[in-house]
Amino acid sequence: MSSPPPPPPPLSVEVTDLRKEYGKVVAVDRVSFQLRPGELVGLVGPNGAGKSTTFKMLSGQLLPTAGSVRVMGVDVARDPAGARRHLGIVPEHPKLYEYLSAREMITFAAQIRGTDPSAPPDPARIDEALRIAGLGEDADRLIHEYSQGMHRKTALACALVAEPPVLLLDEALNGLDPPSAERVVDALAERCRRGATVLLSTHVLDTLGRVADRVVLIQKGRVAADLPASELEQVRAMLKDPP
Amino acid sequence: MPNPYAQVHRRIRAHQRPGPTWILPVVAAGLAAPLARPVLLGFLDGPAAPETIAAGTDAVAFRLGALVASAMALHTYTDLVRGPDREVLDVHPVQARPLLRAIAARTARQRWYLPLMAAVLVSPLALAGHVQAWLGLVAVVVGAWLCSLGVGFSVHLGAVWVAFSPGLARVLDLLRGDNPRMQAALIYAPGVVLAVAGVALGVASAGVSAALQGWAPGWAFLALPPLVGLAGALVAGPLADGFYVRASALLAEIDAAWAGVDEGEEERRVYLEWLAGDRPELLRALRQGWRRLRSWPMGAWGLGLLGAMAGWSADPGAASQVVLVAGAATVLVAAVPTRLAEGDPAWLDQALGVRAGPVVHARAAVAFLYAQGAILPALLALLIRQGGAILRPLLLLELLALVAAFAAALIARRLRGRGAWAYAPLGVLAWAGAAFLSLAGAPP
């Protein structure tokens, strides 16, 4: 007698019929998708399609008009603080304490994510996050002296440093120099191999072709396609010729 | 146990090296003290009976305490709800209670000089020999500061709870006017802080008054405002656990609702653009001023209406009242150049090759124009009721507007957004000077 098939792994992120209205404008309309542990999923779409609005609802920064988001089983709208404990987030326009150095900012991020916020975090972790982001030489300069790309690198390092189970990265590779982008993508893939879930919004489809498991295409606020990364050419064609 | 948020605030301060920002306001209060004496401490010129001193101290303690409580109600809102921490921490898990403690400590550290300013401003009371009355007055103001610090954080967090509460949606709809429903709770929160602090400091100042007249237990009433503040601080912790993080989504909803309204109004807006002619710096200042800072002129015009109410009187002292109220509005709105400078980044000016001189003139012109909305209605009311008596207040107020607007614009050129700190004491001084000149020329 054969044993029953193993149950599917629990969902890391469950987005159900998500909708966001701004007055008469519907920015996001009945968006649904699911992310499982170990998956790296690309969220793509033209500018203004609703990707950032979706990200903000996923992270609890915006309330959905209808629908729900659950992160590791936590309803984000009801308990955004609880959901954020499972999330590492890089928003489209990251905000940082401008009068800290990157090392101080990342140390702080690691500290408040730790089980004991009063305990200093492991310096090796901070160095590793700085290395991935490519900030090594500039780690002790104040952030207000940084370029936009370096701001983003610091935000990425803050999201990565505590190894949260779910990473939401909105246009997180924009403005990064190619070697840094490469390093970050490799690090994300490595995190996924260790069971983390990554949702990465980007306009660079080739990057997704290399590391993503799936690609969710959003057009005019709706999910137009949810395909395996092997069918990236179809997504590319849909982006070129929207229905 | 070290508080990571407080540690970060300390590090930021160490890197910023902001310097003693309290010195200028306190020195300005010292310089303004003799000028403000006839306005605030006119009772010293009457008979020195204990009842007169007690009643005068009571009135001034209550008013200065209310002023400090109002300032703290707004500061606690700005620091907790719209403060710099929120946009950074929005993507991180937050332990709300230690964060609240760190924010409260920073607010207290940055605003501790407010009671000191009040103490210096009323120092002529002590110099006139009424040291006990002065100490009582200062104790009331310090109590108001402590009260509004503690109550401020709890009320603003409570407002977030109210905004999310489905059971209170109808109440908010009744109150909100044209504002988004969720904003209604936040709009009225500073008023609630002031009301709570007002009751407590009313009791405290009455206690001081009674004590000055010989009823010693009256001093015990001074404990009420700090105790109310302590109670507020104790409530704030649990409220922060539930509502600090949720406030972000609330603010996003409010901002999005206003962005929608702004787009709808775009075609109907009046920017006084026709005044700009071929001066692009003035056009930019007019547009930025109205689109980004219109709450400043609108607030000042609201104060100007109060000035008009004061001017609508046959009382010979009405002209001085107009200068006091419309002058305050003028000094307030003349700060607009410093706010404009905050929104015009230096790198952009450099990249565009913007010349500093025309920018100073443009910002000063915008502030001067906005001030007219506060000055002219008050003078019109005075003109209707008193005819020719408006020449002196007209000259004083226009001179005040001109001086304050240009001072703010020149300061903003050097210090940009930080210029507000330098402008504030100068503005208070200019206002006190105008009030003094107005009272000096008033009929007995």
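A:Glu171 lies in the loop that runs between strand E7 (166-170) and helix H6 (178-193) of chain A, where helices (H or I, at least four residues) and strands (E, at least two) are DSSP runs numbered from the N terminus. This is a predicted model, in which local features need pLDDT of at least 70 and side-chain atom pairs count only at pLDDT 80 or more, while totals for chains, interfaces and linings use all residues. Residues are numbered from 1 along each chain as its sequence is written, and chains are lettered from A and ligands numbered from 1 in the order in which they are written.

- A:Glu171 has a positive phi of about 50° although it is not a glycine, and A:Glu171 counts as buried because 20 C-beta neighbours lie inside 10 Å; a residue is buried if 20 or more other C-beta atoms lie within 10 Å of its own, exposed if 12 or fewer, and partly exposed in between, with C-beta atoms placed from the backbone.
- A:Met72, which is not a glycine, has a positive phi of about 50°, and its place is in the loop between strand E4 (66-71) and strand E5 (74-75) of chain A.
- With 19 other C-beta atoms within 10 Å, A:Met72 is partly exposed.

**Contact between chain A and chain B**

- The contact takes 27 residues from chain A and 24 residues from chain B, two residues being in contact if their C-beta atoms, placed from the backbone, lie within 7 Å.
- On the side of chain A that touches chain B, helix H2 (80-84) and helix H3 (102-113) of chain A each supply at least two residues, and the largest share, six residues, comes from H3(A).
- By class, this side of chain A has 16 nonpolar, six polar and five charged residues, where Ala, Val, Leu, Ile, Met, Phe, Trp, Tyr, Cys and Pro count as nonpolar, Asp, Glu, Lys and Arg as charged, and the others, Gly among them, as polar.

**Domains of chain A**

- Chain A is divided into domain 1 (1-86 + 167-243) and domain 2 (98-163), with bounds that come from an automatic or database domain assignment.
- The centres of domain 1 of chain A and domain 2 of chain A, taken over C-alpha atoms, are separated by 24 Å, and the contact takes 11 residues from domain 1 of chain A and 10 residues from domain 2 of chain A.
- H6(A) gives the largest share, five residues, of the side of domain 1 of chain A that touches domain 2 of chain A, and by class that side has six nonpolar, three polar and two charged residues.

**Domains of chain B**

- Chain B is divided into domain 1 (19-259) and domain 2 (270-440), and 26 Å separate the centres of these domains of chain B, taken over C-alpha atoms.
- The contact takes 11 residues from domain 1 of chain B and 12 residues from domain 2 of chain B, and the residues on the side of domain 1 of chain B that touches domain 2 of chain B divide into 10 nonpolar, one polar and no charged.

**A helix pair in chain B**

- The axes of helix H13 (residues 280-293) and helix H18 (residues 356-386) of chain B come within 8 Å and cross at roughly 40°, axes being lines fitted to C-alpha atoms, for helices over the stretch in contact, and angles running from 0 to 180 degrees between N-to-C directions.
- That makes H13(B) oblique to H18(B), since angles under 35 degrees count as roughly parallel, over 145 as roughly antiparallel, 65 to 115 as roughly perpendicular and the rest as oblique.
- Among the residues that make the contact are B:Leu282 and B:Gly289 of H13(B) and B:Pro358 and B:Arg363 of H18(B), and the residues of this contact of H13(B) with H18(B) divide into eight nonpolar, one polar and two charged.
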